[in-house]
Amino acid sequence: ERLEYTQQMRQVFVSDASHELRTPLAAIRLLCESITQTENVDAETTREFMEDIILEVDRMSHTAEKLLVLSRLDSGSRTVFAPISLSDVVHKLITAFDPIAEAKSVTIESYIEDDCIISGDTEGTNQIVGNLIDNAIKYNNIGGTLRIYLFTKKDNCVFITDDTGIGIAPEFREHIFERFYRVDKSREHDGRGGSGLGLAIVKRNVEALGGTISVSDSVSGGTRFTVVFPSLTADEEVYD
Ligand code: ADP
């Protein structure tokens, strides 16, 4: 039964993936036809259409990249885990996302403890922290705030992104970790149409690390994501 279920899920995934790639391809074809089949298209219109084509190509590359990550995660190839400083990962990614936040006048406030160590892989950990920070900026309002917390609680490291953005209504929350799910399919955010794969990747990685992820309202009006990672104790670090 499990095998059959896995097989079915794979088929759904492949058909969803082809659908996601067919949509931008159809748009590109239409834009190309408009240029080639209209007589005397002026330079300005041609440029506008080409810019739209570039946007669609970027969207496809983004989706293809994320599909590759998911397929790697699905293949079940065991990643070797090693001690990782989550504090360093979070610090580095905040610096990397600073220009993107600045472009949207989003202020990042961070409260990060220095010694949060987990057992994991660098790629997976970066995907978790990076996707959550990216979303918290992308779905924030102009001039909004993103608060990032990292601290140790009992045997866990807790990572929180708390934004002042558009929020997620309770009825959509159970779906947002599904592949290709987007709350608002028609809207672009920061000129970036999402693939709906980011949170699926986050969840897979969190589970692989033995952690949990939850979503709730932020007291400041937007969304709060909380990831709980099992932390590596000093003893485990020595004997690992
Ligand atoms: P996408 O590529 O669309 O961002 P994700 O899988 O990362 O895909 O997120 C799924 C959906 O969850 C998004 O399309 C968006 O509707 C919603 N979402 C994710 N993060 C946030 C957030 N911080 N605030 C509001 N909505 C969010």
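An oxygen atom of the ligand is 3.1 Å from a polar backbone atom of V183. Taken alone, the ligand exposes 540 Å², and the protein buries 97% of that (Shrake-Rupley method, 1.4 Å probe; for residues, only the protein chains shown count as cover).

The model is predicted: local features need pLDDT of at least 70 and side-chain atom pairs pLDDT 80 or more, while totals for chains, interfaces and linings use all residues. Residues are numbered from 1 along each chain as its sequence is written, and side-chain values use heavy atoms, with hydrogens and water left out.

## The shell around the ligand

There are 20 residues around the ligand, and N135, Y139, D163, S195 and L199 come nearest (near: a heavy atom within 4 Å). By class, the shell has 10 nonpolar, 7 polar and 3 charged residues. Ala, Val, Leu, Ile, Met, Phe, Trp, Tyr, Cys and Pro count as nonpolar, Asp, Glu, Lys and Arg as charged, and the others, Gly among them, as polar.

Two or more shell residues come from each of α4 (122-138), α6 (198-208) and β7 (223-230). The largest share, 3 residues, is from α4.

## Overall layout

The protein has 7 helices and 7 strands, which are DSSP runs numbered from the N terminus (helices: H or I, at least four residues; strands: E, at least two). Its C-alpha atoms fill a box of roughly 75 × 50 × 35 Å along the principal axes.

## Helix packing at α4

Helices α4 and α6 pack at an angle of about 140 degrees, with their axes 9 Å apart. Axes are lines fitted to C-alpha atoms, for helices over the stretch in contact, and angles run from 0 to 180 degrees between N-to-C directions. In this contact (heavy atoms within 4.5 Å), the α4 residues include N131 and N135, and those of α6 include L199 and V202. The contact has 6 nonpolar, 6 polar and no charged residues.

Helix α3 (residues 86-103) also packs with α4, at about 35 degrees and with axes 10 Å apart. Among the residues that meet are L93 and F97 in α3 and V129 and I133 in α4. This contact divides into 11 nonpolar, 3 polar and 1 charged.

Methods
A polar contact is a pair of N or O atoms within 3.5 Å; within protein, one must be able to donate a hydrogen and the other to accept it, and residues adjacent in sequence count only if both atoms are side-chain atoms.
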